[in-house]
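User: I would like to go through the labels used for this structure and ask what stands behind each of them.

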Amino acid sequence: MRLSPAFATAIPTNLGEFLAVLGTGERGFSGANLSAHADLRTYVQRLEQEANGVDIPAAFVPMSTFWLLDDRDQLIGMSRLRHRLNERLRFKGGHIGFYVAPTARRRRAGSHLLRETLVQANALGIAQVLLTTDRDNLAAQGLIERHGGVAEDRTGVRDPELGTMFLRYWITLSGASKSARFAHHL
Ligand SMILES: CC(C)(COP(=O)(O)OP(=O)(O)OC[C@H]1O[C@@H](n2cnc3c(N)ncnc32)[C@H](O)[C@@H]1OP(=O)(O)O)[C@@H](O)C(=O)NCCC(=O)NCCS
């Protein structure tokens, strides 16, 4: 398995299928809204713009998207790293969102994806990473806690729009980046 910035590698041959399964999203990890793009190439170009903060709405922040590829370069997971928080993300959304295709779950892909995305957050100089998950999303909570996530409190916070409860986790990074492999792409 390896992590790659979405636009720094050949478009994975199963990208369309992967995004079709993701659909409108799952558990707060939103879909790709492909109807807004002419084709997959345009979508990936848009991801590069987002990472560089080009043409993004005022209410958005620069965001990098990473692919998790298996040994055959098939896309099995995806993460999004917000370079900083704004007021909305500081409440819900946080710095990192992650998703593993259902057929690839429970084989440590999620672990690999979160660990490597945290390395990228560290390379960006983010010292305290905020992640938020639904209170009943035990898979994400297990994963975040394994990677050092500390919940602000276990009762959680109510999403005023959805009425559901979510937890807010912080992960403290060392600050001493060992891998800035992709930093020039960010
Ligand atoms: C959360 C998610 C990424 C986990 O991916 P994964 O590849 O299955 O994760 P891993 O195999 O690396 O699991 C690592 C650990 O996480 C926990 N975990 C994973 N799935 C779990 C589940 N269904 N129930 C409870 N714990 C779970 C466990 O501690 C697991 O270790 P174990 O396998 O030894 O029990 C995946 O379920 C997913 O994409 N969910 C939908 C999107 C989402 O919830 N994103 C997070 C919020 S943005």
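User: Why is L15 called buried?

Analyst: A residue is buried if 20 or more other C-beta atoms lie within 10 Å of its own, exposed if 12 or fewer, and partly exposed in between, with C-beta atoms placed from the backbone. L15 has 21 other C-beta atoms within 10 Å, so L15 is buried. The residue belongs to helix 1. Helices (H or I, at least four residues) and strands (E, at least two) are DSSP runs, numbered from the N terminus.

User: What kind of model is this, and how are residues numbered?

Analyst: This is a predicted model, in which local features need pLDDT of at least 70, side-chain atom pairs count only at pLDDT 80 or more, and totals for chains, interfaces and linings use all residues. Residues are numbered from 1 along each chain as its sequence is written.

User: Which residues is L15 in contact with, leaving aside its neighbours within four places in sequence?

Analyst: Two residues are in contact if their C-beta atoms, placed from the backbone, lie within 7 Å. With those neighbours left aside, L15 is in contact with L40 and L75. L15 and W67 are 52 residues apart in sequence, and their C-alpha atoms are 9.7 Å apart in space.

User: What makes F18 buried?

Analyst: F18 has 20 other C-beta atoms within 10 Å, so F18 is buried. F18 lies in helix 1, residues 15-22. Leaving aside neighbours within four places in sequence, its contacts are L75 and A101.

User: Is A101 buried, exposed or partly exposed, and why?

Analyst: A101 has 19 other C-beta atoms within 10 Å, so A101 is partly exposed. A101 sits in the loop between strand 6 and helix 4. Leaving aside neighbours within four places in sequence, A101 is in contact with F18, V21, I76 and G77. A101 and I76 are 25 residues apart in sequence, while their C-alpha atoms are 5.4 Å apart.

User: Why does R108 count as partly exposed?

Analyst: R108 has 13 other C-beta atoms within 10 Å, so R108 is partly exposed. R108 also lies in the loop between strand 6 and helix 4. Its phi is near 75 degrees, a positive value in a residue other than glycine.

User: What makes N33 exposed?

Analyst: N33 has 12 C-beta neighbours inside 10 Å, so N33 counts as exposed. N33 is found in the loop between strand 3 (29-30) and helix 2 (40-52). N33 is not a glycine, yet its phi is positive, about 50 degrees.

User: And why is R72 called exposed?

Analyst: R72 has 9 C-beta neighbours inside 10 Å, so R72 counts as exposed. R72 is placed in the loop between strand 4 (63-69) and strand 5 (75-82). R72 and P12 are 60 residues apart in sequence and 9.9 Å apart from C-alpha to C-alpha.

User: How do you know that the length of helix 4 agrees with its number of residues?

Analyst: The expected span of a helix is 1.5 Å times one less than its number of residues. For the 15 residues of helix 4 that gives 21 Å, and the end C-alpha atoms are 21 Å apart, so the two agree. Buried residues of helix 4 include G110, L113, L114 and E116. Just after helix 4, G125 has a positive phi of about 85 degrees.

User: Which residues come nearest to the ligand?

Analyst: A residue is near a molecule or strand if its C-beta atom, placed from the backbone, lies within 6 Å of it. There are 23 residues around the ligand, of which R105, G110, S111, A139 and G142 come nearest. Strand 6 (96-100), helix 4 (109-123) and helix 5 (138-146) are the elements that give two or more residues to the shell. Helix 5 gives the largest share, six residues.

User: What makes the protein chain as compact as a globular protein of its length?

Analyst: The chain has five helices and ten strands. The radius of gyration is taken over C-alpha atoms, and the globule rule is 2.2 Å times the number of residues to the power 0.38. For 186 residues the rule gives 16 Å, and the radius of gyration is 16 Å, so the chain is as compact as a globular protein of that length.
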